Amino acid sequence: MFNIFKKKEKSVNQAEKRPKTILCIPGNWNNRTEIVTAIAENNMNDFIFAGMVLLNLKTNKGFELEICERDDRMKDSFKYAGMVNQVSEEFLEKIDKHKFVVYLSAETGDLKSATEIAEAGNAILKSGGTGIKVETTGKAFTKEHWTELLNDFEESNLYQMYVLDSISDGKGTTYTCGMQNLGLKDSIVYNEDFQESVNLLSIFGYYRLIDKPEIQSGQTFSTDMESPIFEINEERNQPNIGDKLFENPYGMWKLIRKSSR
């Protein structure tokens with residue numbers, strides 16, 4: 001990866017109000033008591049469900065937990081949210097057989113808290129959850145995929161878990177969703193080839209997550225020495241503005257082609 005602005009000291013953008021990450025986990029539990037019991041039995045000394053809170057016993061970190069009955073729309077929601085990860089029809093049929101849904105939520109907006117709720121979500125999967133959907137991104141995973149990302153955890157895995165970087169309006173605009181879960185701005189590209197846009201957004205996103213540069217409007221970015229140079233500026237009209245789940249309170253970067261090599 002090549003960037004033509006200098007890396008500065010690690011900096012995390014702050015918003016007045018921290019975003020809330022919400023995880024949706026359907027399962028084939030028969031009743032609420034079975035959910036509570038399963039959490040205790042499968043997460044001994046790690047997590048416990050008390051009242052409306054899932055508590056991490058090691059860190060004393062609490063997560064809001066809401067139990068809802070079957071939702072007939074769940075299969076379709078996982079189908080569309082699972083397109084990027086190419087979830088199978090067999091998996092979707094398992095989702096369709098769910099009897100209850102667990103919604104797990106907490107304030108995030110930084111890498112540590114995003115990791116913590118990811119681990120809390122995994123505790124529910126270990127307790128009988130069938131799959132997991134990040135409501136504040138619109139991205140779904142099988143139990144096995146989510147668990148694998150945590151078992152072989154690297155900080156860069158958070159991008160796979162929380163960011164969708166291939167959203168298109170079909171008219172030459174491509175953008176990301178979900179970076180607010182990590183405390184970072186989303187990004188948008190105009191009037192560029194779709195696949196090239198996805199590549200640019202992905203590399204730009206991983207770069208900010210891993211290298212943690214301090215970016216200012218007017219700086220430039222390029223994926224490598226041979227690729228076009230893009231100027232970075234604030235996008236004031238992000239596509240998800242006003243959307244409770246998807247709007248990014250930290251804002252959005254706009255990448256505009258400045259020149260070709």
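1. In this predicted model, N191 is an exposed residue, with a relative accessible area of 65%. N191 is found in the loop that runs between β10 (186-190) and α7 (194-211), and its backbone has a positive phi of about 55° although N191 is not a glycine. As background, most residues other than glycine have a negative phi.

2. A positive phi is also found at N45, where the value is about 70° although this residue, too, is not a glycine. N45 has its place in the loop between α1 (32-42) and β2 (47-50), and with a relative accessible area of 57% it counts as exposed.

3. Turning to the sheet, seven strands form an open arrangement in the order β2-β3-β4-β5-β1-β6-β7, with antiparallel pairing. The edges are taken by β2 and β7 (139-142), each of which pairs on one side only. Neighbouring strands of this sheet are turned against each other by 25° on average, when direction is ignored.

4. At one end of that order, β2 and strand β3 (residues 53-56) pair in the antiparallel sense over four bridges, and within this pairing A50 stands opposite V53 in β3. Helix α2 (residues 74-81) packs on the sheet, where it touches β1 (20-27), β5 (100-107), β6 (131-134) and β7. The direction of α2 makes about 70° with that of β6.

5. Which cysteine sulfur is nearest to that of C24? The structure holds zero disulfides, and for C24, which is in none, the nearest cysteine sulfur is that of C68, 8.8 Å away. C24 is buried, with a relative accessible area of 0%. C177 is likewise in no disulfide, and its nearest cysteine sulfur, that of C24, is 16 Å away; at 2% relative accessibility, C177 counts as buried.

6. A search of the whole structure finds 14 salt bridges, and one of them joins the side chains of E116 and K61, with a distance of 4.0 Å from N to O. E116 lies in helix α4 (residues 111-126) and K61 in the loop between β3 and β4 (62-69), so the pair ties together parts that are 55 residues apart in sequence. E116 is buried, with a relative accessible area of 15%, whereas K61 is partly exposed at 25%.

7. What joins K212 to E155? Their side chains meet in a salt bridge, at 2.6 Å from N to O. K212 lies in the loop between α7 and β11 (220-221), while E155 lies in the loop between α5 (143-151) and α6 (157-162), so this pair ties together parts that are 57 residues apart in sequence. K212 is buried, with a relative accessible area of 16%, and E155, at 37% relative accessibility, counts as partly exposed. Elsewhere, salt bridges that share partners join K61, K112 and E116 into one network.

8. A further salt bridge is formed by E135 with K133, the closest N and O atoms being 2.1 Å apart. Are these two residues buried or exposed? Both E135 and K133 are buried.

Conventions. Residues numbered from 1 in each chain as written. Predicted model: local features only at pLDDT ≥ 70, side-chain atom pairs only at ≥ 80, totals over all residues. Heavy atoms only, no water. Helix = DSSP H or I, 4+ residues; strand = E, 2+ residues; numbered from the N terminus. Buried < 20%, exposed > 50% of the residue type's maximum accessible area, 1.4 Å probe, protein only. Disulfide = S-S within 2.5 Å. Pairing = 2+ DSSP bridges. Axes fitted to C-alpha atoms, helices over the stretch in contact; angles between N-to-C directions. Contact = heavy atoms within 4.5 Å.
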